[in-house]
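Please keep the sequence and structure in view while reading.

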Amino acid sequence: MNFSDPVHKKVIGVIFIVFSALGLLMLLFYDQFMGFFLGMAQDDPGFDQDALWIFDLISSFLWGIAIIFFIPRIIIGIGLVNQRSWANVPALVYGVISLINIPIGTLLGVYCILTFTAKRRAEEEF
């Protein structure tokens, strides 16, 4: 398989966009879900209001992770789909980072490493 083919970079770009968009949607769902249940719990007279800061901290941490990982991956994915050369190195970095997400992230990470470190074949250079 020729991993230096530009089609592979476009596929990785689409995967980056789709997975990051799904991650943002899941985080938005989590935020709405927790807001709904915490709102219901606050109506209970025995609910400890002092514990709400923990849920705000968790939500802030998750949104921080989303800003660090999901939003740049969408931008990098758009760059890869449009065949921009500036997106190659950040895509390789995010591919290596995704190796820790077992099993799909590991497959994506290996695919990224194979694609972005592939050498052009000799017959394609002429």
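Helices here are DSSP runs (H or I, at least four residues), numbered from the N terminus. Gln83 lies in the loop between α2 and α3. The model is predicted, so local features need pLDDT of at least 70 and side-chain atom pairs count only at pLDDT 80 or more, while totals for chains, interfaces and linings use all residues. Residues are numbered from 1 along each chain as its sequence is written, and side-chain values use heavy atoms, with hydrogens and water left out.

**Packing of α1 and α4**

- The axes of α1 (residues 6-42) and α4 (residues 104-116) come within 10 Å and cross at roughly 150°; axes are lines fitted to C-alpha atoms, for helices over the stretch in contact, and angles run from 0 to 180 degrees between N-to-C directions.
- That angle makes α1 roughly antiparallel to α4, a term for angles over 145 degrees.
- The crossing of α1 and α4 is left-handed, meaning that the near helix is turned anticlockwise from the far one by less than a right angle.
- On the α1 side, His8, Lys9, Val11, Ile12, Ile15, Phe16 and Phe19 meet Ile104, Leu108, Tyr111, Cys112, Thr115 and Phe116 of α4, where contact means heavy atoms within 4.5 Å.
- The residues of this contact comprise 10 nonpolar, 2 polar and 1 charged; Ala, Val, Leu, Ile, Met, Phe, Trp, Tyr, Cys and Pro count as nonpolar, Asp, Glu, Lys and Arg as charged, and the others, Gly among them, as polar.

**Packing of α3 and α4**

- α3 and α4 pack at about 145°, with their axes 8 Å apart, and their crossing is left-handed.
- Asn88, Ala91, Leu92, Gly95 and Val96 in α3 meet Gly109, Cys112, Ile113 and Phe116 in α4.
- The contact of α3 with α4 has 6 nonpolar, 3 polar and no charged residues.

**Largest pocket**

- The largest pocket holds about 350 Å³ of space; on a 1 Å grid over the protein atoms alone, a pocket is an open set of points where a 1.4 Å probe fits, with protein on both sides within 12 Å along at least five of seven lines, and lining residues have an atom within 4 Å of a point.
- Its volume is the space filled by probe spheres set on the points, which are joined across faces, edges and corners.
- Of the 16 lining residues, Phe19, Phe70, Arg73, Ser98 and Asn101 lie nearest the centre of the pocket.
- At least two lining residues come from each of α1, α2 (52-81), α3 (88-97) and α4.
- The lining has 11 nonpolar, 4 polar and 1 charged residues.

**Backbone features in the loops**

- Ile102 and Pro103 are joined by a cis peptide bond with omega of about -5°, and Pro103 is found in the loop between α3 and α4.
- Gln83 is not a glycine, yet has a positive phi of about 55°.

Key:
Parallel < 35°, antiparallel > 145°, perpendicular 65-115°, else oblique.
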